[in-house]
Amino acid sequence: MSNPFLKQVFNKDKTFRPKRKFEPGTQRFELHKKAQASLNAGLDLKLAVQLPAGEELNDWVAVHVVDFFNRVNLIYGTISDGCTEQSCPIMSGGPKYEYRWQDEHKFRKPTALSAPRYMDLLMDWIEVQINNEEVFPTNVGTPFPRNFLQVVKKILSRLFRVFVHVYIHHFDRIAQMGSEAHVNTCYKHFYYFVKEFGLIDTKELEPLKEMTARICH
């Protein structure tokens, strides 16, 4: 995890949008630091995602969802200038998979959109969820909503689609920038986490099945 590219990417602010940060002094911030420390120590990613003894599952999941949101933003941000209405008129993962957008407001029915439009709506939608105190409470002792894991599953399965699109349609760009190892590490971390806690249906993971088998031993 300590390659120079990774440091460079995580230090620069070429995110697709503002990063959600944890407030210092909060329990969530301490958990975030704990998660980061195990990654930086080069701990096996399969072990790094496991729930630490004595911690609440929802807190651990919340920290990771925010972290994955920030990281996937960074990854998409690095290739976004090559992901345009012209190059990617449909949000897809190769010829077999097309992702349509649906939300509670404007797009009540699944709607075919270009990849950049889909990404924009997706990142806005996730940002609203993670900044909503009723869904992602930041104060210790404030309970998570009963449907918290349901919300998280939806967020993570949609974030997975960003990996699908980037790997299948923009991998040349990733390789050209020399950031393949970094993106693979982020993907493995994400994959091990969702598998550890059963947060994405197996059928959703299908588009990257072969690559996953290759890099996630």
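**Entry 1: the annotated site.** I began with the UniProt record, an unreviewed entry, which places a "binding site" at Cys83, Cys88, His165 and His170. These positions are spread over 88 residues of sequence, yet they cluster in space, with a largest C-alpha distance of 10.0 Å. I kept in mind that I was looking at a predicted model.

**Entry 2: His165.** I found His165 in helix α6, which covers residues 148-169. Is His165 buried or exposed? Its relative accessibility is 0%, and buried means under 20%, so His165 counts as buried. Next I looked up its contacts, leaving aside neighbours within four places in sequence. His165 touches Cys83, Cys88 and His170, and its other contacts are Met91, Ser92, Ala115 and Met119.

**Entry 3: His170.** I then moved on to His170, which sits in the loop between α6 and α7. His170 counts as buried because its relative accessibility is 6%. With neighbours within four places in sequence left aside, I saw His170 in contact with Ile79, Gly82, Cys83, Cys88 and His165.

**Entry 4: the core.** Which residues have the most contacts inside the largest nonpolar core? I noted Phe136, Leu156, Leu159, Tyr187 and Phe190, in a core of 60 residues. The elements giving two or more residues to this core are α4 (57-79), α5 (115-130), α6, α8 (180-196) and α9 (209-215). Helix α6 gives the most, with twelve residues. A handy reminder for me: in soluble globular proteins, nonpolar side chains tend to be buried together.

**Entry 5: Leu159.** Beyond its neighbours within four places in sequence, Leu159 is in contact with Phe68, Phe69, Val72, Met123, Ile126 and Phe190.

Terms used
Residues numbered from 1 in each chain as written. Predicted model: local features only at pLDDT ≥ 70, side-chain atom pairs only at ≥ 80, totals over all residues. Heavy atoms only, no water. UniProt positions renumbered as here; feature names shortened; annotations may be inferred. Helix = DSSP H or I, 4+ residues; strand = E, 2+ residues; numbered from the N terminus. Buried < 20%, exposed > 50% of the residue type's maximum accessible area, 1.4 Å probe, protein only. Contact = heavy atoms within 4.5 Å. Core = buried A, V, L, I, M, F, W, Y, C linked by side-chain atoms within 4.5 Å.
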